[in-house]
Amino acid sequence: MSDPSTKKAVKAAPEQSPAKVARIRILVKKTPAKGFKFGKGQIVSRVPLAHAEYLRDEGKAEILEVGEA
Amino acid sequence: MKDIILGVHLLFAREGDVIDGVTVGPEAKPDGDPSTNYTKVATVETWEPSVDREIVKRRAPSPGKYRDRASIVLNQTTEYAFSLQEWTEMTFAEILLGGEKPVAGVFVAGERAELLRGWWIVQGYDQGDNLIVVLNVWGEARIDSHQFGENLDPYALVITELYSSLADGEVSNLT
């Protein structure tokens, strides 16, 4: 029998939720996303959701669609 | 105030190039960081910006003889002329000889349907390495002619600015 005190605790791997991305429409010119500046009306895909939400809250973009990376 | 803008640098991001899934275009301008987004065009010897305007004068009697009352700018063309030293595939095969982008060095002169367009960054520094001006220009480039020979003269590349809502510029150290 093995000594239970010598057993290493096995931590369950934290569940990682898949990264979310968004497709957004730019509402204000010179809005930054993905290392670019975009003009008004441009559609940008695969923007990290956190940044997309920030731009939405700032009134610089609207979120058209949310998906997984 | 400054006496001089001395050292000028010209960088380029080509229309149609894809960076991180985004296509470079007039309403999609890549940031200068990372620096790999832009390539240095060549060593710049001189830079000459120029603005050509078509102006209609409105005149009014004052009280008899007519004098200028207002100038109305109907249109404007901004050009940036550079004297450059080194040749590259882009400046030689595409801009001077009018070919498409060479593939493994192979191209056909005169095949290009349109001028080479993209984002151009112009940076100007003074003699103390202080940045004086940065321009972000959406434009197309041409080299009208060049005489090759022993003299090693620089060649003239002219960028004509095209409209983009993202074009801008910033001056510093001029107050």
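Two strands are said to pair if DSSP finds at least two bridges between them. Strands (E, at least two residues) and helices (H or I, at least four) are DSSP runs, numbered from the N terminus.

This is a predicted model, in which local features need pLDDT of at least 70 and side-chain atom pairs count only at pLDDT 80 or more, while totals for chains, interfaces and linings use all residues. Residues are numbered from 1 along each chain as its sequence is written, and chains are lettered from A and ligands numbered from 1 in the order in which they are written.

**View 1. Strands of chains A and B pair in one open sheet.** Strand S3 (residues 36-38) of chain A and S4(B) are joined in the antiparallel sense by three bridges. Within this pairing, A:Phe38 stands opposite B:Ala28 in S4(B). The open sheet has three strands in the order S2(A)-S3(A)-S4(B), with antiparallel pairing. Strand S2 (31-33) of chain A and strand S4 (28-30) of chain B are the edge strands, each pairing on one side only. Direction ignored, neighbouring strands of this sheet are turned by 30 degrees against each other on average; the axes behind this angle are lines fitted to C-alpha atoms, for helices over the stretch in contact, and angles run from 0 to 180 degrees between N-to-C directions.

**View 2. Strand S10 of chain B pairs with S7(B) and with S9(B).** Six bridges connect S7 (residues 66-84) of chain B to S10 (residues 155-161) of chain B, in the antiparallel sense. B:Leu84 stands opposite B:Tyr155 in S10(B). S9 (residues 131-142) of chain B pairs with S10(B) over four bridges, also antiparallel. Here B:Gly139 stands opposite B:Glu161 in S10(B).

**View 3. Helix H1 of chain B packs against strands of chain B.** In H1 (residues 89-96) of chain B, the residues B:Thr91, B:Ala93, B:Glu94 and B:Ile95 are buried, that is, 20 or more other C-beta atoms lie within 10 Å of their own, with C-beta atoms placed from the backbone. The buried residues of H1(B) pack against S7, S8 (116-125), S9 and S10 of chain B. Just after H1(B), B:Gly98 takes a positive phi of about 70 degrees.

**View 4. Chain A has one helix and five strands.** From the N terminus on, its elements run β-β-β-β-α-β. Of the 69 residues of chain A, 20% count as buried. Among contacts in chain A with a separation of 6 or more, 55% come from residues 24 or more positions apart; a contact requires C-beta atoms, placed from the backbone, within 7 Å.

Key. A residue is buried if 20 or more other C-beta atoms lie within 10 Å of its own, exposed if 12 or fewer, and partly exposed in between; C-beta atoms are placed from the backbone. Two residues are in contact if their C-beta atoms, placed from the backbone, lie within 7 Å.
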